[in-house]
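Here are my notes on the model, chain by chain, as promised. Have the viewer open while you read.

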Amino acid sequence: MEIPYNVEERQDTGMFNGKLGIWLFLASEVMLFGGLFSAYVFLRMGDVTGAFNSGSSELNVPLATFNTLVLISSSVTMIMSWVSLKLGEQKKFKQYLGATLLLAAVFLVVKYFEYTAKFHHGIFPETSTFFAIYFTLTGLHMIHILGGMIVIFYFLVPGSKMMNIEPERFTNRIEIVGLYWHFVDLVWIFLFPVLYLL
Amino acid sequence: MSKHSVEDIKKSVKVYIGVFAALAVLTVVTVAASYLDLSFGESFFLALTIASIKGTLVAGYFMHLFTERTAVLAVLGLTFFFLITIMFLPFMAFTDQSAI
Amino acid sequence: MSGHTDSHQEESFWRKYIFSIDHKIIGLQYGITALIFLFFGFCLMMMMRWQLAYPEEAMPWIGWLFGDDGIILPEMYNSLGAMHGTIMIFLGVVPLAVGAFGNYFVPLQIGAPDMAFPKLNMASYWCYFVGGVVMMIGFFVPGGAANSGWTSYPPLADIATTGQTVWLFGMVLLITSSLLGSVNTITTIVQLRAKGLTWMRLPFFVWAQLVTGFLLLLAFPPLEAAGVLQLMDRLLDTSFFLPSGLVVSGEILNVSGGGSPLLWQHMFWFLAHPEVYVLILPAMGIVAEVIANNTRKPLWGYKSIVYASAFLGFMSFIVWAHHMFMTGMGATISAFFQTTTMIISVPSVVILTAMFISLWGASIRYNSAMLFALGFLPMFGIGGLTGLPLGIAASDIHLHDTYYVIGHFHYVVAPGTIFALFAGVYYWFPKMTGKVLNETLGKVHFWLSMLFMNGIFMPMFVQGLAGVSRRLWDGGASYAHATDTLWLNEVMSTSAWLLGLAQIPFIYNLIKSMKSGEKAESNHWQATTLEWTDAPSPPLPHRNFEVIPEVHRGPYEYSVPGADKDFTPQSEA
């Protein structure tokens, strides 16, 4: 038995199931990161030792700026891959999606160097509450990047067969992946100033 | 969005490029602003404003929220309200606490 | 997120019963697992009650579980308490109310062939199952299971034994399961309603599940965040919840400090207060169905109940700090949370009142399901009303952390929610299995449960008002001022053990009726909603309905004047 509105839109809600599903999931993600941001505010309010001010000045702003640009670019390539799919340009779709994957990898590599530099200077999560929340937030964000990369890889290689069998459904799926990926970008847009610049 | 014609999509590509440029510029602006000699309150306000603008651009254009269905907007409106709650109520509770 | 299965193809045993993607099988898996956990959690409590009634006496029969002399030591007692709370709420009641009944009956009541995302549904169950197993592993690690209370307040929880880490991992899995489930439920209700089933034609049970879905979706993530922070504290020596200069066993703890235990309390109660409504809303939904069906009348004030439940859900997010009046919060914030707490009692009263009025002038069928639903009303009433003094900061100062609190929330959850869940079992068992439960055994089950439930929880109010703390290992024996109330410990404990025995008719009934019960008709209770009128008992695998029904009217059209029978199905044109 086929589930209704799996691919096509339901008339009165104007959505297919997956679209509502991903938005609900993202709503819960908003609350997850919201809880952590709330913890950040709470800890910073109670910070009498100045750990937050001195901590954030030890972070590498140029690298993070570069990473911000990388992530924004990956968002653009992500949406371009969806656009290409809509226009039926399958080759371009693959190129753009591949570029997204590559940019995500660049982000992780840069982050790896940032982390190891910190460890090298003897800075660990237990150093202060600032670094605790820094490693937690960026670590959780990296897990999200990794999860996104796995899904993107799936649609780039093994899952791309669906492109020709059920093109509309495949386009829907790419749209959903895109929504998730933009959300990960969105989180970083807030993480960057909050952790590095303030 | 799915019923849009090829023309519409090509038009929106231009919008996406524009948004990308705006995001890149705002990133540079926010980094530059952090080097200004501002008080914590001022720089906090500035950084969060820029981040909010960037966030709105991403959510509005890349995630199509500006043209999204009411059901999604309703869910997000509710979420946003609770987000504000969890951000600010502990904060207020904290302020009230330390006054004792 | 795909979901098509060829129903003509023969499925393997594993696909059909273990890794099924049929919402009915998953619902049953949830139901059976949750009932087992519910019973296990109850067993933990029965052991605790021995220690409370007969402090430091060796436990008969199973004393060997607690070492050579058979006495429950304080650490063990704490473990039992923490695990009792966790298991009952996160592994018992919520999975039964949402995972089992929600999963099974939401698609049926809205005329859908399955949940919107069947594979996600399966993932949700298995996350729950693994989470439960992880929780159980806690009992076997050094130091025993988590022993910092189900609330896991730091700094105690931060420095507790390994069991706490296991507890946190278990919670993360359970939260993930809830999130997957709630995404699925909400999408299903919004997207898969049958033709003609408009919002105001939804059975109230579906509304209750929808609001519950939103509570789970938006309230759980902050606890997941808090859980991650506590894991960081425990595994990577961070200090999210540890203040500077914390002294443990006479030595200053070697951590950076700078954190705050109150942060955990805020994040924890941000979930845990909505969680109360996660426990109670599906229960109200079940009771509404049973009452409308057995009074043979439309539910009184359907629309006001629906709006009240939505408002209830909304308000539940801004009352959490009434659990924290004793943390030294300032008067302004206390007043704010006190006010919202008083406001949130209004919609609960609206719902309860509407259900009471529904009984007015009805020719009630007193079957087991209805008895449990009727039992729910006053029990939940007691639970709700005794909550008011706790929501007012001034009286909370006296009652905080006493047995009064225990009595209050158990009245809401045990004779409240659990009675409603029993009502659901008796009401829907014919639909799920095609067999009817024995009525006599059901009535025995009800009256004994009713008696002993009150025998356990009513004396708690007395002890609580006398000031006995809820966490005492010796049941208050060291409290000189409370000695007059201590004889009640024996009353409560005896009631608890007898309540355990009172479940035997129920368990026997389930097994016996499944095997050789009377056959049920497809619309056994002459109900109006789609699961009864349009699906066989049990519904067809993977598609529920022979033909997807169309809906023409509201959910509770009983005894319509001029109709040829006393119920008019929703699908009747």
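1. Starting from the N terminus, chain A reads α-α-α-α-α-α-α. In other words, chain A has 7 helices and 0 strands. Helices here are DSSP runs of H or I with at least four residues, strands are runs of E with at least two, and both are numbered from the N terminus. A word on the source: this is a predicted model, where local features need pLDDT of at least 70 and side-chain atom pairs count only at pLDDT 80 or more, while totals for chains, interfaces and linings use all residues. Residues are numbered from 1 along each chain as its sequence is written, and chains are lettered from A and ligands numbered from 1 in the order in which they are written.

2. Some overall numbers for chain A. Its C-alpha trace spans about 60 × 35 × 25 Å along the principal axes. Of its 198 residues, 51% count as buried. Buried means that 20 or more other C-beta atoms lie within 10 Å of the residue's own; 12 or fewer makes it exposed, anything in between partly exposed, and the C-beta atoms are placed from the backbone. If you take the contacts in chain A with a separation of 6 or more, 76% are between residues 24 or more positions apart. A contact is a pair of residues whose C-beta atoms, placed from the backbone, lie within 7 Å.

3. Which chain does chain A touch with 34 of its residues? That would be chain C, which puts 40 residues into the contact. On the chain A side, helix H1 (17-45) and helix H5 (129-156) each supply at least two residues. H1(A) gives the most to that side, with 15 residues.

4. Of the 100 residues of chain B, 25% count as buried.

5. Chain B is also split into domain 1 (1-68) and domain 2 (69-100). The bounds come from an automatic or database domain assignment. Over C-alpha atoms, the centres of these two domains of chain B are separated by 23 Å.

6. On to chain C, with 17 helices and 2 strands. The radius of gyration of chain C is 24 Å, close to the 25 Å from the globule rule for 573 residues, so chain C is as compact as a globular protein of that length. The C-alpha trace of chain C spans about 80 × 55 × 50 Å along its principal axes, and 58% of the 573 residues count as buried. Among chain C contacts between residues at least 6 apart in sequence, 78% join residues at least 24 apart.

7. How is chain C divided? Into domain 1 (18-190), domain 2 (219-243 + 256-362) and domain 3 (364-518). The C-alpha centres of domain 1 and domain 3 of chain C lie 19 Å apart. Their contact takes 18 residues from domain 1 of chain C and 18 residues from domain 3 of chain C. On the domain 1 side, H2 and H3 of chain C each supply at least two residues, and H2(C) has the largest share, 9 residues.

8. Those two helices are worth a look together. The axes of H2 (residues 23-53) and H3 (residues 74-109) of chain C come within 7 Å and cross at roughly 155°. That makes H2(C) roughly antiparallel to H3(C). Axes are lines fitted to C-alpha atoms, for helices over the stretch in contact, and angles run from 0 to 180 degrees between N-to-C directions. Under 35 degrees counts as roughly parallel, over 145 as roughly antiparallel, 65 to 115 as roughly perpendicular and the rest as oblique. The crossing of H2(C) past H3(C) is left-handed, meaning that the near helix is turned anticlockwise from the far one by less than a right angle (clockwise would be right-handed).

9. Last, have a look at C:Gly111, in the loop between H3 and helix H4 (118-137) of chain C. Is C:Gly111 buried or exposed? C:Gly111 counts as buried, because it has 26 C-beta neighbours inside 10 Å. Not counting residues up to four places away in sequence, C:Gly111 touches C:Ala194, C:Leu197, C:Leu530, C:Phe545, C:Ile548, C:Pro549 and C:Val551. By contrast, C:Ala145 is 34 residues from C:Gly111 along the chain, and their C-alpha atoms are separated by 44 Å.

Key. The radius of gyration is taken over C-alpha atoms; the globule rule is 2.2 Å times the number of residues to the power 0.38. Two residues are in contact if their C-beta atoms, placed from the backbone, lie within 7 Å.
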